[in-house]
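Biologist: I would like to go through this model with you and ask, for each term you use, what makes it apply. Could you begin with what you require before you speak of pairing?

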Amino acid sequence: MANTATASTAPAHTAVSGNRKWAIGFISAVAFFFILNKFLLPQATTPVQQFFNNWFSLTSMAEIMIWIVMALGLNIIVGYAGLLDLGYVAFWALGGYVAGWLMSPFFSSLQLNFFGNARPGFEFGIHFHVFLVLILGGVFTAIWGVIIGGPTLRLKSDYLALVTLGFGEIIPQFMLNGADIAGHNVTNGAQGIGGLDDVNLFGYVIGTFALPEKFLMVSLLAGAMIFFSIRLRDGRLGRAWLAIREDELAASMMGVPLWRTKFSSYAIGAVGGGIGGVGFAILVGGVYADRFNFVISIIILAMVVMGGMGNVWGVVVGATTLAWINSIGLVQVGDLVNNTFGTKINFPSYQFLLFGLLLVLMMLFRREGFIPEARIRMVMNEDKIGDEEKVSDETKIASN
Amino acid sequence: MSLDGRAVLDAQDIRVEFGGLVAVDDVSFTIPEGSIVSLIGPNGAGKTTFFNVLTGLYQPTSGAVIFDNVEITGDPVHDIASGGLARTFQNIRLFGLMTAQENVMVAMHSKMNAGVFATIFRTKKQRAEEAEARRFAQELLDYVGIGEVTNEYARNLSYGDQRRLEVARALALRPKVLLLDEPTAGMNPNESAAFVQFVRKLKADKGISILLIEHDMSVVMQVSERITVLDQGQKIAEGSPAEIKSNPRVIEAYLGKSGSEASK
């Protein structure tokens with residue numbers, strides 16, 4: 001009862017009061033954590049250092065940025081076009097291996113250096129510049145999006161979910177067992193590919209342990225992904241995606257080619273997975289097949305759904321929240337509770353219970369997500385800034 | 001036949017079978033250019049099925065649909081639509097979580113070109129295209145009389161406004177033929193009368209040919225230049241409103257044989 005009421009009567013203009021405010025918030029948060037960790041914390045007292053390391057460790061913050069990239073990529077498929085993809089982890093894996101292949105000494109019989117930054121003594125292998133790897137990672141996953149999506153997007157949505165589920169299993173399994181493909185070592189199997197090159201940005205080398213810089217770098221990726229998502233959403237293609245999500249039949253009868261449009265969302269959404277995969281590989285300095293399991297697909301999907309399907313900033317909030325809970329939140333809150341009450345509950349082991357509970361509660365009471373999709377057109381029209389203000393005010397009142 | 005002029009839409013011997021059931025039985029039908037024609041018939045007569053054949057949703061078992069001198073039988077739905085055969089839906093099918101303006105702009109999809117990169121980087125051409133699309137959408141919304149709800153979500157509009165928005169969206173395809181599926185369903189007599197005026201205006205202003213499926217006989221009789229009557233998948237009559245009114249087979253189809261079962 002509560003669910004239907006919220007879903008149907010929720011005012012359209014809720015919560016989001018313009019992209020600009022959110023963008024400023026995002027940039028401020030990134031700048032805060034960078035400056036904090038780069039300049040302030042090293043001089044801080046031990047308790048302060050401990051507090052931030054426990055609750056907001058930079059490693060986790062950087063990983064959150066990767067999750068944002070992933071969730072936004074999936075958001076293009078699930079949130080915009082309304083296609084259920086249960087195997088998104090495949091694209092993460094593919095992107096990761098592109099980084100593994102193209103910027104490490106792994107293919108030791110080759111020696112190919114294209115503006116790369118090979119470590120001294122490891123000049124063999126393939127060493128491409130990080131920008132090129134990001135682009136190639138995106139292109140490679142887009143191609144795989146095409147290969148997977150091409151035949152399956154003609155299926156009805158439930159079947160699409162099943163096929164993507166299959167690919168989400170097949171591709172990581174291939175990576176896990178790819179140490180001997182007809183005598184060639186393609187993926188190095190369970191050991192994965194380690195020792196990735198350090199990133200060299202215009203002569204500035206980001207060392208393996210330069211966490212603040214790495215954080216800044218993946219934040220830039222997330223920022224770019226946010227920007228792309230918003231721009232795409234507000235264009236011709238974004239409208240067609242949403243129209244398909246809203247009513248497939250009506251969309252096709254308004255001249256929107258269904259297959260092509262779904263296809264583009266799938267391929268472009270895959271790029272997010274690819275870029276996230278490259279970013280993650282650089283972050284951890286390698287790519288390891290056993291990380292890419294089905295649960296990841298579900299977590300990313302949960303981020304999109306909880307954040308508010310289709311709304312970029314909602315998904316960012318959803319990804320941040322869930323990723324934080326996953327990596328440190330649950331452990332820290334658990335410790336806090338155990339220390340305060342003298343209990344011995346193993347909180348992280350209840351992760352999925354909590355997850356399931358959260359999902360059920362969301363579906364019952366807030367189906368549209370933390371921050372439901374609600375965009376304000378005026379933000380687009382620079383000549384109507386005045387109207388934007390008006391709507392923002394309305395919005396503040398509307399959002400509880 | 002009472003109307004001359006080139007047929008902008010010509011359906012020839014359309015037959016649709018679902019398994020053993022013949023839903024549409026060799027029906028031929030034309031829409032002369034710049035005319036308002038209606039398709040009527042009791043429930044289950046095959047009107048909607050026929051309609052779906054015209055718009056490409058169903059593949060006819062046999063027969064051909066010629067639109068603007070080109071055969072479109074079997075073409076993809078979206079090609080037929082962007083070719084200028086637009087429709088509205090009996091049970092309104094708007095894109096609820098998109099604004100009125102966006103709803104209209106979706107229908108311009110096929111006439112626009114911006115690709116992924118142009119959209120992301122907002123090239124000059126893309127911005128010009130968007131601005132023009134927005135302007136045209138506003139023009140259409142004004143034309144159907146809901147210009148003030150441009151930025152409202154479609155699902156928040158009143159029923160009447162939603163009907164109007166459907167027409168505006170269909171017009172964004174720059175159609176040659178507009179198919180209206182029971183457009184006055186749920187309207188009160190005043191609204192229906194206003195709708196009759198609107199359809200006439202539409203034809204006069206834009207030179208669009210209009211096909212109406214309608215239950216409200218007063219609307220049909222007022223607005224149509226020609227009426228085709230379907231019953232049990234067959235065309236049982238065709239002619240001017242006056243001819244149809246006095247056609248015994250039509251009366252029989254609607255009221256039953258020799259008036260034994262009087263219905264509304």
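Modeller: Two strands are said to pair if DSSP finds at least two bridges between them. The model is a predicted one, and in chain A four bridges join strand β2 (residues 111–114) to β3(A), so that these strands, which run parallel, meet the requirement of at least two bridges.

Biologist: What makes β1(A) and β3(A) a pair, and in which direction do they run?

Modeller: Two bridges join strand β1 (residues 103–104) of chain A to β3(A), and because at least two bridges are required, this counts as a pair. The two strands run antiparallel, with A:S104 opposite A:I126 and A:M103 opposite A:H127.

Biologist: Which way do the residues of β3(A) point, and are they buried or exposed?

Modeller: In strand β3 (residues 125–128) of chain A, A:G125 and A:H127 point one way and A:I126 and A:F128 the other way, and all are buried. As a rule, side chains in a regular strand alternate between the two faces of the sheet.

Biologist: Turning to chain B, how do you know that its radius of gyration agrees with that of a compact globule?

Modeller: For 264 residues, a compact globule would have a radius of gyration near 18 Å, and chain B has 19 Å, which agrees. The C-alpha atoms of chain B fill a box of roughly 70 × 40 × 35 Å along the principal axes. Chain B contains 10 helices and 10 strands, buried residues make up 45% of its 264 residues, and among contacts with a separation of 6 or more, 66% come from residues 24 or more positions apart.

Biologist: What are the domains of chain B, and what makes up the contact between them?

Modeller: Domain 1 of chain B covers 1–84 + 175–264 and domain 2 covers 95–174, and their C-alpha centres lie 28 Å apart. Nine residues from domain 1 of chain B and eight residues from domain 2 of chain B take part in the contact. On the domain 1 side, helix α2 (residues 77–82) of chain B gives the most, with three residues, and by class that side has four nonpolar, four polar and one charged residues.

Biologist: What is the strand order in the four-stranded open sheet of chain B, and what lies across β1, β2 and β4?

Modeller: The order is β2-β1-β4-β5 (chain B), with antiparallel pairing, and the edge strands are β2 (21–32) and β5 (70–71) of chain B, each pairing on one side only. Eight bridges join strand β1 (residues 7–18) of chain B to β2(B), where B:A11 stands opposite B:F29. Helix α1 (residues 47–54) of chain B lies across β1, β2 and β4 (62–67) of chain B, running at about 120° to β1(B).

Biologist: Why is B:G41 called buried?

Modeller: B:G41 has 25 C-beta neighbours inside 10 Å, and the cut-off is 20 or more, so B:G41 counts as buried. B:G41 is placed in the loop between β3 (36–40) and α1 of chain B, and, leaving out residues up to four places away in sequence, it touches B:K47, B:V229, B:L230 and B:D231. Between B:G41 and B:T30, which are 11 residues apart in sequence, the C-alpha distance is 17 Å.

Biologist: And why is B:A128 called exposed?

Modeller: B:A128 has 11 other C-beta atoms within 10 Å, and since 12 or fewer is the condition, B:A128 is exposed. B:A128 is found in helix α5 (residues 124–144) of chain B, and its C-alpha atom is separated by 20 Å from that of B:N151, 23 residues apart along the chain.

Biologist: Finally, how many residues are in contact between the two chains, and which element of chain A gives the most?

Modeller: In chain A 26 residues are in contact with 31 residues of chain B. The elements of chain A that give two or more residues to this side are α8 (211–233), α9 (236–246), α10 (248–253) and α11 (258–284), and α9(A) gives the most, with seven residues. By class, the residues on the chain A side divide into 16 nonpolar, three polar and seven charged.

Definitions and conventions
Residues numbered from 1 in each chain as written. Chains lettered and ligands numbered in written order. Predicted model: local features only at pLDDT ≥ 70, side-chain atom pairs only at ≥ 80, totals over all residues. Rg over C-alpha atoms; globule rule 2.2 N^0.38 Å. Contact = placed C-beta atoms within 7 Å. Domains from an automatic or database assignment. Nonpolar A, V, L, I, M, F, W, Y, C, P; charged D, E, K, R; others polar. Axes fitted to C-alpha atoms, helices over the stretch in contact; angles between N-to-C directions.
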